[in-house]
Amino acid sequence: MKSIHIIICFCFSVLLLGSCAEEVGYEKGENRPYVRIPERDIIMESDDDNKITITPIFDSEATAQGSFKWSVADQDLVNLVENGDNSVTITGLKAGKTYLKIVSADEKLQYTSTLQINQAFQFNYPIFLDFGTIKSDPPFNSMLNSGNKLQGLVDQKGFVSKYAIEVEGSFNTLDRGSHTNVLGFPDNVSFDMFFNDGIHVASAGFILSNLKRGTKYTFIIYANIDDGNVTQTEYTAKGQNEKSGLLFTSRNPSNVVILEDIIADDNQKIKLNLKPGPDNTQWALFYGITAMIIVPENYDLNSLFN
């Protein structure tokens, strides 16, 4: 019993000393200064478009006025830029896991969080879009009505992007099961479309957002309407640069418009506008769109229709 009593007293003494050691340099009950990273586990994506800024949390303004240093365990994974307010801006270079650390100049205060960098979406394969009320199978992203906003567009290989598309203005929908095409579009794609009466709705279009800065996007646009008159649509894609093209859409089995190498604007957006073409002689000036393919730079366009 005596030995047990000695062990208990020894353990209590160790705990007491440990507790006191944490308070060295501070009066009992005094609030201790600290620095913290807001998240213990940080997840981000690589590439400059996905860089993040982290602002630490301090116990007081006095502590926040001190000097602090940021670091990562694996410098090959990220680039750090320390800012004047003790925050840090992080750009992921490649996928991997490391540790992010902030330390005071006197090394008395510090905090560490895990940092997971995931590989950002790489625009290497086409993105297929279908417009109209009939849902299509992959690889098509189906916009079933003009009120939809599609986010996270999926490319031909099933990779999910951050890209989004929404209608600017409004469209009517048309579904006629008599269209044929030689481009390889399935019936679910070619039988329906977005269209407008150009007399009453002079123009409408789409906004593509969350695009990558500096990346060139090519748009292949197809439209087919079962009308015996001459229907023609003018398509204009505008970002930092602008290109337009014309397409005769009445009973069109094979022709497309190609707008090449459009660069997103400073807000990472490209606008696509539709309106009746100058040679549209249909009584209501019908214009519209059936399908669209967004293609990476230098991609073999001929391979899309083989």
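Colleague: Which residue is the bridge partner of glutamate 45 in β9?

Modeller: In β9, glutamate 45 has asparagine 118 as its bridge partner. This is a predicted model, where local features need pLDDT of at least 70, side-chain atom pairs count only at pLDDT 80 or more, and totals for chains, interfaces and linings use all residues. Residues are numbered from 1 along each chain as its sequence is written, and side-chain values use heavy atoms, with hydrogens and water left out.

Colleague: What counts as a strand, and when do two strands pair?

Modeller: Strands (E, at least two residues) and helices (H or I, at least four) are DSSP runs, numbered from the N terminus. Two strands pair if DSSP finds at least two bridges between them. Here β2 and β9 (residues 110-118) are parallel and share five bridges.

Colleague: In what order do the strands of the open sheet lie?

Modeller: The order is β2-β9-β8-β5, four strands with mixed pairing. β2 (41-45) and β5 (68-72) are the edge strands, each pairing on one side only.

Colleague: How many bridges join β18 to β19?

Modeller: Seven, and the two strands run antiparallel. β18 covers residues 232-238 and β19 covers residues 242-248. A hairpin of three residues links β18 to β19. Threonine 233 faces leucine 247 of β19.

Colleague: How is a pair of aromatic rings described?

Modeller: By the distance of the centres and the angle of the planes. Rings of Phe, Tyr and Trp (its six-membered ring) pair if their centres lie within 6.5 Å; planes under 30 degrees apart are stacked, over 60 edge-to-face, the rest tilted. This structure holds 18 aromatic pairs. One of them is phenylalanine 123 with tyrosine 163, edge-to-face, at 5.8 Å centre to centre and 75° between the planes.

Colleague: Why does that pair tie together parts that are 40 residues apart in sequence?

Modeller: Because phenylalanine 123 lies in the loop between β9 and β10 (127-131), and tyrosine 163 in the loop between β12 (149-151) and β13 (164-168).

Colleague: Are phenylalanine 123 and tyrosine 163 buried or exposed?

Modeller: Both are buried. Buried means under 20% relative accessible area, exposed over 50%, partly exposed in between (1.4 Å probe, protein chains only). Proline 186, at 38%, is partly exposed.

Colleague: Which residues have the most contacts inside the largest nonpolar core?

Modeller: Ile165, Phe206, Phe219, Tyr235 and Met292, in a core of 41 residues. A nonpolar core is a set of buried Ala, Val, Leu, Ile, Met, Phe, Trp, Tyr and Cys residues joined through side-chain atoms within 4.5 Å. A second, separate core has 19 residues, including Phe58 and Val72.
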